[in-house]
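Keep the structure open while you read.

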Amino acid sequence: MFASFAGTILTIIVIFLMFAGMIASLVAMTGDEEVKVKEHSVLHINWNTEIKDRGSDNPFEGFDFATMKSNKPVGLYDILNNIEKASNDSRIDGIFLDMESVPAGMATSEEIRNKLLEFKESGKFIVSYGNGYDQKAYYLASLADEIYLNAEGEILFKGLQAQLMFFKNMLNKLEIDLQVVRGPNNKYKSAVEPFMLDHMSEANREQMETLLNSIWGRLITAISTERGIGIDDLNDIADKLELSTAEKAMEHKFIDGAVYRDEVIDILKEKTGIDKDKKLNTISFGKYTNAKLKNTKGLKKNKIAIVFAEGSIVQGKSDGSNIGSATTAAALSKARKDKKVKAIVFRVNSGGGDALASEIIRREVELASMDMPVIVSMGNLAASGGYWISTNADYIFAQPTTITGSIGVFGIIPNVENMMTNKLGINVENVMTNDNSNFIDIMKPLSPYQHAKLDESVFKIYTDFTELVASTRNLDVAYVDSIAKGRVWTGSDALKLGLIDSFGGIEDAVAYAAEKAELGDDYRITTYPQKKEFIEQLVEELTGQATQSIVKNELGEYYKYYHNIQTLKEMKGIQARLPFFMEIN
């Protein structure tokens, strides 16, 4: 008995020490110890983790317990700051783009690309290398002074496609009836089509073709400008899948050389004046975040607040993938009540979600705009509910490839009566005090009267949405209705239609906010919502909040299908949402 007891105690001690060591290593990863940069260094860019608008301080997010390494999402704002810092850092001679893919949406990729173009104006070099390139990676690489490809590599250059998932036949097999309410003015609101149809409607196909052609046109125009290849030639190359070998890529002027990695390293050594027998001075992008420039000025009093809103819009508190109305509204309120905050930049990256939650957030934007300039910066998505929460801003920036618009609403009420009865043998009976006590009961179909009442609600919210856009954008209601109906637009089209004010990224929005607030350069950035303390994050992870991360790590690229089902399950109330089962590649 004593031996067994002693063994148990010893095991607990060992586990505790291992856990303490793990926590210590995680704390070390989140530290901000200054990193020393050697002279004639090359900034090494190799993003393997998802690029979000805002970086995470959560040491468990993306943590691989098998390798004990952190794969936290990278923050776009941190990326832009690092590139800006590198352009002014005399110790950095150039940038090495070392990637085969870019884990980000098109608008985010475009924002990074624009920043790299600014970096080139400093006179420093950018060299790109990949064992292969997909289209987004090559789009980013195309601005490099020199582009190299592995001698056995290829460039996947094929044009864009949008892939939509349809669930109607699956629901029929399960005998689940999804009762869809989207009103008469929402023919482009295709978020409900996967549950109504087994194929794409003509209206949806029309908007998707317009959307893809706009994004593709932007992408090949940029490549044409940098590489001197005609637009017609680029389309012909994509049609024929011509870039299947490095030799073909050279022939079509997509690359400057078909070489191996060690040869590229030698090229970089030559550019930085280092002998071939010595080690190249490189610094990883992650470490460079903690590198300091000399003569850094002291803390400034005035502040511009950046309020981040990324994910689906839901009621309640935010989490890692959702914009909670309570959390975001509180962040906007706290920012406007801070006397040191002179302007707000509202960064929106959302395909929408709950209509009521969107209205709660929009109201706080309206209140903030009464006290100070509020500038919206749209990311990859700012559509439907994402556009709703942007309407009361003084000015809206978006990228040409931002997906926006989708001004429309819908409701989905599942009816699982047949599934329960025929598949599971469960029968449900109701006892009611009033005629419609069973209103929105998933165990019974809606009555014609109940369906009509939901139609009224959806129509009212759609009317409120179009009137809101008309009043805040100084447009005629009839005109807004003509470009609304749930239709999705790119930023390029949105500018022509009057839905946004200018092309630009988050830095452009900050600069414009400073100008409107008459701050000059006398300001510093503060971000909202405030991040949680390490211990609070640790407790959440240990009490079950890590489930999503574990599922995501296990499922990998198939996680999107799980996420789609979870999104469907969590939808409540009337929705202002994009066709969320859409993937562009």
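## A strand on the inside

Let's start with strand 16, residues 341–350: nine of its 10 residues are buried, so the strand is largely enclosed by the rest of the structure. Buried here means under 20% relative accessible area, exposed means over 50%, and partly exposed is in between (1.4 Å probe, protein chains only). Helices (H or I, at least four residues) and strands (E, at least two) are DSSP runs, numbered from the N terminus.

## What you're looking at

A quick word on the ground rules. This is a predicted model, where local features need pLDDT of at least 70 and side-chain atom pairs count only at pLDDT 80 or more, while totals for chains, interfaces and linings use all residues. Residues are numbered from 1 along each chain as its sequence is written, and side-chain values use heavy atoms, with hydrogens and water left out.

The protein has 22 helices and 26 strands, and buried residues account for 50% of its 585 residues. Take the contacts (heavy atoms within 4.5 Å) between residues at least 6 apart in sequence: 75% of them join residues at least 24 apart. The protein exposes about 28,000 Å², with carbon and sulfur atoms supplying 53% of that; the areas come from the Shrake-Rupley method with a 1.4 Å probe, and for residues only the protein chains shown count as cover.

In soluble globular proteins, nonpolar side chains tend to be buried together. A nonpolar core, as used here, is a set of buried Ala, Val, Leu, Ile, Met, Phe, Trp, Tyr and Cys residues joined through side-chain atoms within 4.5 Å. The largest one has 76 residues, and those touching the most other members are Trp47, Ile51, Ile112, Leu116, Ile155, Phe157 and Phe254. Helix 7 (residues 202–227) gives this core its largest share, eight residues. There's also a second, separate core of 50 residues, with Ala357, Val365, Ala368 and Leu499 among them.

## Rings meeting rings

The structure holds 10 aromatic pairs. Rings of Phe, Tyr and Trp (its six-membered ring) pair if their centres lie within 6.5 Å; planes under 30 degrees apart count as stacked, over 60 as edge-to-face and the rest as tilted. Trp47 and Phe285 have ring centres 5.4 Å apart and planes at 80°, so they're edge-to-face. Trp47 lies in the loop between strand 1 (41–45) and strand 2 (51–52) and Phe285 in helix 11 (residues 285–288), so this pair ties together parts 238 residues apart in sequence. Both Trp47 and Phe285 are buried.

Phe157 and Phe254 are edge-to-face too, because their planes sit at 70°, with centres 5.2 Å apart.

Met99 sits in the loop between strand 6 (92–98) and helix 3 (106–120) and is buried at 6% relative accessibility. Met99 and Ile45 are 54 residues apart in sequence, yet their C-alpha atoms are 7.6 Å apart.

Thr272 belongs to helix 10 (residues 261–272) and is buried, at 5% relative accessible area. Its side chain reaches the backbone oxygen of Leu268 at 3.0 Å. Leaving out residues up to four places away in sequence, Thr272 touches His40, Val42, Asp93, Phe125 and Leu280.

His40 isn't a glycine, but has a positive phi of about 55°. Is His40 buried or partly exposed? It counts as partly exposed, at 42% relative accessibility. Ser384 also has a positive phi, near 55°, but is buried at 0% relative accessible area.

Finally, the peptide bond from Tyr528 to Pro529 is cis, with omega near -10°. Pro529 lies in the loop between strand 24 (524–528) and helix 20 (534–545).

Terms used. A polar contact is a pair of N or O atoms within 3.5 Å; within protein, one must be able to donate a hydrogen and the other to accept it, and residues adjacent in sequence count only if both atoms are side-chain atoms.
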